[in-house]
Amino acid sequence: MSNSTPNRRITRSTPSTIKDLADGLPDTPIKQMRHPSETSPFLPTKLETLLLAIYPVTLVLGSLFSLLAYSTRSATSKYNPIHQSYYPAAGAPSYFATKKNIFNVYFVKKGWFWTTLALAAFVVTHPSLGPSLRPTVTRRRVQAVARWGVATTVWMLVTQWCFGPALVDRNFKLTGGACEIMEDPIKRAEMGRKQEFFTAQACKASGGLWKGGHDISGHVFLLILGSALLGMEILPAILRARGLNEERRVRVGSGKVVKTRSIVDGTVKDTPVPVVLTETEEEYTKLGIKVAVGVVGLSWWMLFMTAAFFHTWFEKFTGFLVAFTAIFLVYFLPRGVPEVRAVLGMPGL
Ligand SMILES: CCCCCCCCCCCCCCCC(=O)SCCNC(=O)CCNC(=O)[C@H](O)C(C)(C)COP(=O)(O)O
Ligand SMILES: Nc1ncnc2c1ncn2[C@@H]1O[C@H](COP(=O)(O)O)[C@@H](OP(=O)(O)O)[C@H]1O
């Protein structure tokens with residue numbers, strides 16, 4: 001018995017793939033098999049989904065590692081949720097499980113500075129945004145800075161200051177947290193009852209214990225947002241992969257959702273022109289990319305360490321959610337809202 005269907009003749013116009021077939025059908029189950037990003041501009045392409053999935057996978061693997069690894073099970077100190085670390089630190093399962101590890105103190109705790117520095121190096125050197133190493137103001141540079149501005153504003157509101165205490169501190173208080181001054185009885189007496197410590201930093205600095213509430217992981221938030229910002233800015237320029245460029249969908253002025261290569265609403269006017277770089281410019285361009293890759297790599301490692309040695313599953317999850325909300329605002333909202341796209345643009349376009 002043959003597998004062929006003798007009654008159906010294959011002609012030139014016959015669709016050759018399931019996707020071709022789906023393109024020609026209005027609303028069939030086959031069409032529903034399309035990747036969601038093909039119908040909604042707010043969703044990542046397949047390649048972007050794969051890259052962004054590194055974050056939840058890292059958090060899950062890190063958390064599982066801490067459950068299963070011999071080093072954590074045999075450590076002489078246990079994780080203490082009040083101190084938010086292995087306590088006492090001398091018995092921690094790894095150097096990376098101590099708060100004073102050099103990468104935490106000088107890299108994560110200054111994380112937004114490193115992210116900003118790496119982005120600035122890329123924006124100033126990469127020819128896809130403007131003439132390398134020259135202070136020319138181009139649309140792409142201005143829009144990259146605007147995206148950084150929005151991400152920085154979110155970072156600031158979440159971790160530093162939000163018309164008073166930062167959102168993480170406000171959330172901690174709202175969920176029942178407070179600063180308990182336990183360690184130093186003299187200080188406790190000096191302060192009296194009225195004085196209240198409203199931020200984790202002020203509380204810890206006065207020898208208090210910031211306890212009782214839900215502590216969204218600031219580390220998870222910052223490491224994901226910073227590295228995703230660098231990845232989303234740099235990958236479309238250096239990889240030229242379709243999934244990071246032309247296959248991204250946008251909603252245009254008429255309301256239609258189209259691939260970025262067919263934008264017709266005037267948001268994108270220029271097409272990339274091949275640029276010839278001098279040797280020095282090329283060297284600086286490569287250096288700019290290396291700095292960014294270094295910051296992304298170290299951020300990933302510290303995210304893995306944070307997942308392995310700090311916080312509860314839920315605190316890591318909320319840190320991840322807040323970071324992804326910011327990534328959505330900066331990189332996916334502009335795809336679906338032309339007015340926002342006119343201001344923030346899209347990397348590589
Ligand atoms: C559309 C245009 C809008 C423009 C708006 C711009 C507005 C903002 C300006 C703000 C200044 C930004 C300065 C940028 C340069 C720097 O980044 S310098 C600051 C360096 N500091 C850090 O990087 C601190 C990073 N640390 C933290 O965020 C937190 O410590 C933490 C790691 C998240 C966790 O803290 P814990 O104390 O451990 O809980
Ligand atoms: N990867 C990491 N390495 C070292 N310390 C970490 C860490 N991740 C989180 N921490 C520490 O855990 C506490 C809570 O972090 P966060 O809420 O920012 O995720 C912070 O303590 P301190 O505030 O006492 O420094 C922070 O330094």
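Modeller: In this predicted model, helices α12 and α14 are roughly parallel to each other, a label for angles under 35 degrees, while angles over 145 count as roughly antiparallel, 65 to 115 as roughly perpendicular and the rest as oblique. Local features need pLDDT of at least 70 and side-chain atom pairs pLDDT 80 or more, whereas totals for chains, interfaces and linings use all residues. Residues are numbered from 1 along each chain as its sequence is written, chains are lettered from A and ligands numbered from 1 in the order in which they are written.

Biologist: At what angle do the axes of α12 and α14 cross?

Modeller: Helices (H or I, at least four residues) and strands (E, at least two) are DSSP runs numbered from the N terminus, and axes are lines fitted to C-alpha atoms, for helices over the stretch in contact, with angles from 0 to 180 degrees between N-to-C directions. Here the axes of α12 and α14 (residues 313-336) cross at roughly 30° and come within 8 Å. The crossing of α12 past α14 is right-handed, the near helix being turned clockwise from the far one by less than a right angle, as against anticlockwise for left-handed.

Biologist: Which residues of α12 and α14 meet?

Modeller: Two residues are in contact if their C-beta atoms, placed from the backbone, lie within 7 Å. On the α12 side the meeting residues include Gly 218, Phe 221 and Leu 225, and on the α14 side they include Lys 316, Phe 320 and Tyr 331. By class, this contact of α12 with α14 has 12 nonpolar, 2 polar and 1 charged residues, where Ala, Val, Leu, Ile, Met, Phe, Trp, Tyr, Cys and Pro count as nonpolar, Asp, Glu, Lys and Arg as charged, and the others, Gly among them, as polar.

Biologist: How do the axes of α7 and α13 cross?

Modeller: The axes of α7 and α13 come within 8 Å and cross at roughly 155°, which makes α7 roughly antiparallel to α13. This crossing is left-handed. Among the contacting residues are Trp 114 and Phe 122 in α7, with Tyr 284 and Val 295 in α13, and the contact of α7 with α13 divides into 9 nonpolar, 4 polar and no charged residues.

Biologist: Which residues surrounding ligand 1 are the closest?

Modeller: A residue is near a molecule or strand if its C-beta atom, placed from the backbone, lies within 6 Å of it. By that reading 19 residues surround ligand 1, the closest being Trp 112, Phe 113, Gly 149, Thr 159 and Gly 218. Helices α7 (111-125), α8 (139-160), α11 (200-205) and α12 (218-239) each supply at least two residues of this shell, and α8 gives the most, with 7 residues.

Biologist: Which residues come nearest to ligand 2?

Modeller: Of the 15 residues around ligand 2, the nearest are Asn 104, Ser 217, Gly 218, His 219 and Thr 306. The largest share of the shell around ligand 2, 3 residues, comes from α13. That shell divides into 3 nonpolar, 9 polar and 3 charged residues.

Biologist: Which residues does the UniProt annotation "active site" cover?

Modeller: UniProt positions are given in the numbering used here, with feature names shortened, and annotations may be inferred rather than shown by experiment. The unreviewed UniProt entry places its "active site" annotation on His 219 and His 311. His 219 lies in helix α12.
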